[in-house]
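Subject: Structure handover

Hello,

Here is the structure I said I would pass on.

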Amino acid sequence: MVRAKIVSPFPKQFSDRQWARYVKQGRELVEEESSLQFRLGDLSLKMVEHSPHSVGRGVFLVLDQYADTIGINVNTLLTYRNVSHAWPPDKRVAETSWSVHKALAALPDRFEVILNPPEGKDRWTEDVALSRAGRLPHRPLTKDEKLDRVRTLLREDESASEAVESLIQRPDVAHRVMSNPSNQRILYRAHHEQRQEAAAARFAAAHEPDPGDSEDDLGPDYEDDEEAGAAPREEQVRRREPAVDYQRASSEVLELIGSGTTFLVDLQRMIPSLHVSEFTEREVRAVLDNHRRIRAALDWCDSALSTGDKSMDDELARILSEGDDEP
């Protein structure tokens, strides 16, 4: 193989000759380091042969004690051992670093792959080898590699939420994210579901009987009220019982109640503060049209609950489909 001439990428700092000399010295040191790493791995294999029966706690105890004695981290020694096992001496490429061997170690066709550097390259680099093995490079270059690194870092929910919160505090990023209709729908649904859950919890709490209440807690004036013609004690207690047993109700029932309660709570909060005089005719018409769709949906739901018939006629489908493009 004809080696390409080494040209300095920093001509103002190094001549081609200077750069080539530094590269030669660096590669020799890397080869020395790679040789030592392989030799340590080979030595651990000589001490305890690698076989299905030798893998286990006993191997770790031996190598852990040995690593402490020679002054190396046991996990580092185990890594050297695994790479040496994956690359028998006759399959190693002298001018290719140990790090590249490690990156390609899991590939079933590694012995052929390592002999064929990527097109346009005279040798493997560690990042290119990691990408070839389907792993994240240390220094992602392409858009996909950068996105893969982000996805890996955001696998934990807590870290992901904090990272997203930091990102959306950048106006340019938040604007680009929200300009995508799909993202708008995702965030809208998440917010809507959150409000439903909160409203259902408030509704349940408001109708949950106080476990400490007794008939004597109905008030000191109860007997006077009864004498004055108030409802009997049993009726007052019955009125305080919740309409639904929230411990046993199905998720569908709770979702229906929560959805309606959310709507009611939101309206009670918004209506008193509306600046109706500032609405345009078009905006008023849009709100009224939306309310018309809501009434139709409520009538459909009431009918399904009363009759069990969940079918939808063409007119109802037309009404409910209006405005589906809105987030």
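Predicted model: local features only at pLDDT ≥ 70, side-chain atom pairs only at ≥ 80, totals over all residues.

Overall

The protein chain contains 15 helices and 0 strands. It has 327 residues, of which 19% count as buried. Its accessible surface is about 24,700 Å², and carbon and sulfur atoms account for 53% of that. If you take the contacts between residues at least 6 apart in sequence, 42% of them join residues at least 24 apart.

Helices α1 and α3

Which angle do the axes of α1 and α3 make where they cross? The value is roughly 85°, and the axes of α1 (residues 16–47) and α3 (residues 74–86) come within 7 Å. Angles from 65 to 115 degrees count as roughly perpendicular, so α1 is roughly perpendicular to α3. On the α1 side the contact is made by Q37, F38, L40, G41, D42, S44 and L45. On the α3 side it is made by L77, Y80, R81, V83, S84 and H85. Sorted by class, the residues of this contact are 6 nonpolar, 5 polar and 2 charged.

Is L45 buried or exposed? Its relative accessibility is 19%, and the cut-off for buried is under 20%, so L45 counts as buried. Leaving aside residues up to four places away in sequence, L45 touches H50, R81, S84 and H85. L45 and S84 are 39 residues apart in sequence, with their C-alpha atoms 8.1 Å apart in space.

E32 is also placed in helix α1. At 49% relative accessibility, E32 counts as partly exposed. The C-alpha atoms of E32 and W98 are separated by 9.9 Å, and the two residues are 66 apart along the chain.

K102

K102 is in helix α4 (residues 98–104). With a relative accessibility of 37%, K102 counts as partly exposed. Not counting residues up to four places away in sequence, K102 touches T79, V83 and R135. From K102 to T79 the C-alpha separation is 8.6 Å, for a distance of 23 residues along the chain.

Helix α14

How many residues does α14 have? There are 27, covering residues 281–307. From the first C-alpha to the last, α14 reaches 39 Å, close to the 39 Å expected at 1.5 Å a residue. R293, A296 and A304 are buried in this helix. The cover over the buried residues of α14 includes α15 (314–321). Just after α14, G308 takes a positive phi of about 85°.

Regards

Terms used:
Residues numbered from 1 in each chain as written. Heavy atoms only, no water. Axes fitted to C-alpha atoms, helices over the stretch in contact; angles between N-to-C directions. Helix = DSSP H or I, 4+ residues; strand = E, 2+ residues; numbered from the N terminus. Parallel < 35°, antiparallel > 145°, perpendicular 65-115°, else oblique. Contact = heavy atoms within 4.5 Å. Nonpolar A, V, L, I, M, F, W, Y, C, P; charged D, E, K, R; others polar. Expected span 1.5 Å × (residues − 1). Buried < 20%, exposed > 50% of the residue type's maximum accessible area, 1.4 Å probe, protein only. Areas by Shrake-Rupley, 256 points an atom, 1.4 Å probe, with all protein chains shown as cover.
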